[in-house]
Amino acid sequence: MQAAQIHAEQMARAGRLAHDLPKARYPETKDRLAAVKYRWTAFGENVAQGQPNAAEVLKDWMRSSGHRKNILNSYYTELGTGYATDRAGRTYFVQVFATPAS
């Protein structure tokens, strides 16, 4: 949850939707996972911007083959989510999927 929330807030501060934010404190997913001391063997990430609520985000992700693949991937055993709003009122949503290291 913490890694996903970090990224939602970073995107809101930047006013930009992206998986990687080179100028952010934690530019890549692996950096965010390391920041919260999460040890993983695999991870995936879905991001979205502008939908009015989580139900609409999920509808959009399920219509996208890559996002849907992350959601339905049975190898991932844990999920964290994040949400933030920027100064203009735009919404940012993040899902981080992972399989923890044993």
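This is a predicted model: local features need pLDDT of at least 70, side-chain atom pairs count only at pLDDT 80 or more; totals for chains, interfaces and linings use all residues.
Which strands does helix α3 (residues 54-63) lie across? Select residues 54-63: helix α3 lies across β1 and β3, running at about 60° to β3. Here, contact means heavy atoms within 4.5 Å, and axes are lines fitted to C-alpha atoms, for helices over the stretch in contact, with angles from 0 to 180 degrees between N-to-C directions.

Residues are numbered from 1 along each chain as its sequence is written, and side-chain values use heavy atoms, leaving out hydrogens and water.

**The whole chain**

The secondary structure comes to 4 helices and 3 strands, and from the N terminus on the elements run α-α-β-α-α-β-β. Helices (H or I, at least four residues) and strands (E, at least two) are DSSP runs, numbered from the N terminus. The C-alpha atoms fill a box of roughly 40 × 30 × 20 Å, taken along the principal axes. A compact globule of 102 residues would have a radius of gyration near 13 Å, and the protein agrees, with 13 Å; this radius is taken over C-alpha atoms, and the globule rule is 2.2 Å times the number of residues to the power 0.38.

**The sheet**

Next, select the strands. They form an open sheet of 3 strands in the order β1-β3-β2, with antiparallel pairing. The edge strands are β1 (40-49) and β2 (78-85), each of which pairs on one side only. Two strands pair if DSSP finds at least two bridges between them. Neighbouring strands of this sheet are turned by 15° against each other on average, direction ignored.

Now highlight β2 together with β3 (residues 91-100): 8 bridges join these antiparallel strands. Within this pair, G82 stands opposite V94 in β3.

Select residues 2-14. This is helix α1, which lies across β1, β2 and β3 and runs at about 25° to β2.

**A loop residue**

Finally, centre the view on K37, in the loop between α2 (29-35) and β1. Most residues other than glycine have a negative phi. K37 has a positive phi of about 60° although it is not a glycine. Is K37 buried or exposed? At 72% relative accessibility, K37 counts as exposed; buried means under 20% relative accessible area, exposed over 50%, and partly exposed in between (1.4 Å probe, protein chains only). Of the 102 residues of the protein, 35% count as buried.
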